[in-house]
Structure formats: C-alpha cells, structure tokens
Amino acid sequence: MSFVRLVTCSFLLGLTCSPAHAYIDDKPVVLPRPSLSSLTSAQVIAGAEKMYRQRLSDIEQAGYLDKDEAFLERAKKIAQVLIHQAAQDYPDTRHWQWEIHSTSEQEESAYSMAGGKILLSQFQVERLNLNETELAMLLSHEIAHAVLEHNRLEYEQALVLFPTWHQRSFEELEEAVDNDESFLRALAPLSKQQEEEADTAGLKLAQGAGFSVHSLVNFYKKLSRNSANPNFDSKSHPAPARRWMAMRALAQTLSQ
Ligand SMILES: [Zn+2]
C-alpha cells in the first residue's frame, strides 16, 4: 500500500514557504508550490482570532473595552437573532464561535473579522442615534462580511496581485493587507466591492431575521446624512449617498 507523508509549509504557523516535500513509498518527491487554494478558511479564521485578541487587549489597556454593559447586551441580543438566521442561510458558519465586543474609542468604527469576531463602536452607534432596527442593519452588514469570507478573499486577491508574497508567511501577509500602503491601494476596488456585497447580503439577512427592509435602510440614510462627504468614495468604502440609494432600490425590490 502506498504511504504518503506530507511535510508542507504552514501559513498558519508563519513559516516561510518553500516547495513542499512528500515521501511516497519512502521516496522523496517535490510537490508544486502551494496554490491559492492552500489558504483555507480555517487558517484565516485562526489568524483573525489571534489579531482580534491582540486588538481587544490593546483596547482594554487603553480603557475603552466593553465599558457600557447595557449597550453591549442590547447589541448582543440583536446579533443573536441575526446569527441564528446566518446559520440557516450559510450552514458552514454553524460551528463558529461568534463574539461581539464594544469600544468607546472615538476613532474606531465597527468591523468584523473571519470566523465571526465583531467589534462595535459605541461612539458610532450613539453619534448616528441608531434605533434597534438600524443597529441590526449595522450588525448584519458586519456579519455579512464574515459569512461571505471577505478576509480570505482579500488575502487571495493580494496573492494574485503580489505573487512573490507566496514566499512569505501568512502573518506577514495579514500585516501587509491591513497596513501596507501599496496593498491598501491595490485592494481598494475589491474593498469597495466587498462593502457593496456586505450591504446587499446584510439587508437580505436582516430581512430574513424578521426586520422591516424599509426601516433597515434608514441606517444608510443616517450614515449618508451624517457624513461630511456623502457623495465621495473613501479609500475603502463607496460614497455613503450611493450606498443609501442602492439599499433603497434593493429594499423596494425585496418588498414586492
Ligand atoms: Zn463593511
């Protein structure tokens, strides 16, 4: 019987990738360099978990983490309904350990990471004066980023644009995608596309969970009305006014 023993490089452990070796019937053979498909959801989720813990620890040290228990409980209660819906619409996410924390830091805005790790900005929610349904839309947008595996797709796109990075560790790639100016610039179109996808999928998810589509759209109205530049794209996000119009049109279609 043929016996295959694999010794592969690991993105997860941050080891430098070199051609993998396998031993077939105890004879060494060189396997092709890991392809994009070697970047698995599990690896990306594990990497996100590590970054999330670090971010939470930094926020806690700065004195901004989960300062308002009532606010956090309110958000978690709404998220629970949406996560329940996500488990039905995206069965692969059923086993995920969803987590929500809040920060009162003013510069931070809401975000989510692979595997369902969400950070909510209390300042942003209060500044926009979001009611339950509007907060549900914000959370649903973040949940949509996670279930659509936007982190993994972003890393894969980065490897297509910067193929020499196949030689580097996954940890270095994570760092570059978040902070390196040339990566941010190159990934900006994808980033905007992912925002639109999360808007659309988020609206559908929240509607499935029982929220009124027209009330959900009010989140985008408030976002646009409170924006200093509602008609201009930012580096990573489409123009708030355009997002609002798109969501209004989608709500119209979904309610017919
Ligand atoms: Zn987003």
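Before the packing, one convention: a crossing is called right-handed if the near helix is turned clockwise from the far one by less than a right angle, and left-handed if anticlockwise. By that convention, H4 passes H7 in a right-handed crossing. Please keep in mind that this is a predicted model.

First, the overview. The protein chain has nine helices and six strands. Of its 256 residues, 31% are buried. If we take the contacts with a separation of 6 or more, 66% of them are between residues 24 or more positions apart.

Now the core. The largest nonpolar core has 50 residues. The residues with the most contacts inside this core are Leu 82, Ala 136, Leu 139, Ile 143, Leu 205, Ala 206 and Leu 216. Which helix gives the largest share of this core? That is H4, with eight residues. As for Leu 139, setting aside neighbours within four places in sequence, its contacts are Ala 75, Ile 78, Ala 79 and Leu 82.

Back to H4 and H7. Their axes are 7 Å apart, and the packing angle is about 120 degrees. Roughly perpendicular ends at 115 degrees and roughly antiparallel starts over 145, so H4 and H7 are oblique to each other. On the H4 side, the residues that meet H7 are Ala 136, Met 137, Ser 140, His 141, Ile 143, Ala 144 and His 145. Their partners in H7 include Gln 194, Ala 198, Gly 202 and Leu 205.

H7 also packs against H9, which is residues 240–254. Here the angle is about 35 degrees and the axes are 11 Å apart. This crossing, H7 past H9, is right-handed. From H7, the residues involved are Glu 196, Asp 199, Thr 200, Leu 203, Lys 204 and Gln 207. They meet a set in H9 that includes Arg 243, Met 247 and Leu 250.

One more residue in H4, which spans residues 132–147, is Glu 142. Is Glu 142 buried or exposed? Glu 142 has 23 C-beta neighbours inside 10 Å, and the cut-off for buried is 20 or more, so Glu 142 counts as buried. Not counting residues up to four places away in sequence, Glu 142 touches Ala 110, Tyr 111, Ser 112 and Ile 118. Between Glu 142 and Glu 195 there are 9.6 Å, C-alpha to C-alpha, while in sequence the two are 53 residues apart.

Next, H5, residues 150–161. Its twelve residues, at 1.5 Å a residue, should span 16 Å, and the end C-alpha atoms are 16 Å apart, which agrees. The buried residues in H5 are His 150, Asn 151, Arg 152, Glu 154, Tyr 155, Ala 158 and Leu 159. Among the elements covering them are H1, strand E5, H4, H6 and H7.

Last, two backbone angles. Most residues other than glycine have a negative phi. Asp 66, in the loop between H1 and H2, has a positive phi, near 45 degrees. Glu 149, in the loop between H4 and H5, has a positive phi as well, near 55 degrees. How exposed is each of them? Asp 66 has 17 other C-beta atoms within 10 Å and is partly exposed. Glu 149 has 19 and is also partly exposed, since buried would take 20 or more.

That is what I have; questions now, please.

Notes
Residues are numbered from 1 along each chain as its sequence is written. This is a predicted model: local features need pLDDT of at least 70, side-chain atom pairs count only at pLDDT 80 or more; totals for chains, interfaces and linings use all residues. Helices (H or I, at least four residues) and strands (E, at least two) are DSSP runs, numbered from the N terminus. A residue is buried if 20 or more other C-beta atoms lie within 10 Å of its own, exposed if 12 or fewer, and partly exposed in between; C-beta atoms are placed from the backbone. Two residues are in contact if their C-beta atoms, placed from the backbone, lie within 7 Å. The expected span of a helix is 1.5 Å times one less than its number of residues. A nonpolar core is a set of buried Ala, Val, Leu, Ile, Met, Phe, Trp, Tyr and Cys residues joined through C-beta atoms within 7 Å. Axes are lines fitted to C-alpha atoms, for helices over the stretch in contact, and angles run from 0 to 180 degrees between N-to-C directions. Angles under 35 degrees count as roughly parallel, over 145 as roughly antiparallel, 65 to 115 as roughly perpendicular and the rest as oblique.
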